[in-house]
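Look over the sequence and the fold before reading on.

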Amino acid sequence: ASLPPASPPLQLLTVERPGFGISTPFAPHDLPHSIAASPFVTTDVPELLATLAIPSVLLVGYSAGGPYALALARAHPALVKATAVVAGVAPCPAAGVSAGMSIPFRLLWLANSYAATSW
C-alpha cells in the first residue's frame, strides 16, 4: 500500500548559517552580539521566504543551528508555525560546568565560550 500524497505538498528548503557551506561569513566588525540580533534571524531568512513567496514554515534546527531556529521562531511567530531542535546546543555559563570534561573537551568548551562572547 502506498501513502497518499501530502496535501498541500511539503517542500524542503535548507539555509546555511553565515560562514558555513558556501555562504558568506560575517565580517569581524559585523558580528552580532547575540543570535537574536543576527541579520540571519532579523532579516536574511524572512526576506528569503518573502522572495520565494513562502508564507510560513515548519522549522528544524540541527546542532548549532538549534539556537538560530529558536531565535527565528521567537522573532517571527507568524512566519514560523512549528520548530524542532535536533541535537541542539546552547551556551552554558554555569560555574563548574566543565569540571567533569576531559582536557581536550574542556579546551574546546573554553574556546567556544570565548568565541561566543561579545566583541
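How many cavities of 30 Å³ or more does the structure hold? It holds 1. This is a predicted model: local features need pLDDT of at least 70, side-chain atom pairs count only at pLDDT 80 or more, and totals for chains, interfaces and linings use all residues. Numbering starts from 1 along each chain as its sequence is written, and side-chain values use heavy atoms, with hydrogens and water left out.

**Cavity**
- About 30 Å³ of space lies in the largest cavity.
- A cavity is a set of points on a 1 Å grid over the protein atoms alone where a 1.4 Å probe fits but cannot get out; lining residues have an atom within 4 Å of a point.
- Its volume is the space filled by probe spheres set on the points, which are joined across faces, edges and corners.
- The lining is Val-45, Leu-49, Val-57, Leu-59, Leu-72, Leu-79 and Val-80.
- Helix 1 and strand 1 each supply at least two lining residues.

**Aromatic pair**
- There is 1 aromatic pair (ring centres within 6.5 Å; planes over 60 degrees apart count as edge-to-face).
- The Phe-40 and Tyr-68 rings are edge-to-face, because their centres are 5.5 Å apart and their planes are at 85°.
- Phe-40 lies in helix 1 (residues 39-51) and Tyr-68 in helix 2 (residues 66-75), so the pair ties together parts 28 residues apart in sequence.
- Helices are DSSP runs (H or I) of at least four residues, and strands (E) of at least two.

**Burial**
- Phe-40 and Tyr-68 are both buried (under 20% relative accessible area, 1.4 Å probe, protein chains only).

Terms used
Rings of Phe, Tyr and Trp (its six-membered ring) pair if their centres lie within 6.5 Å; planes under 30 degrees apart count as stacked, over 60 as edge-to-face and the rest as tilted. Buried means under 20% relative accessible area, exposed over 50%, partly exposed in between (1.4 Å probe, protein chains only). On a 1 Å grid over the protein atoms alone, a cavity is a set of points where a 1.4 Å probe fits but cannot get out, and a pocket is an open set with protein on both sides within 12 Å along at least five of seven lines; lining residues have an atom within 4 Å of a point.
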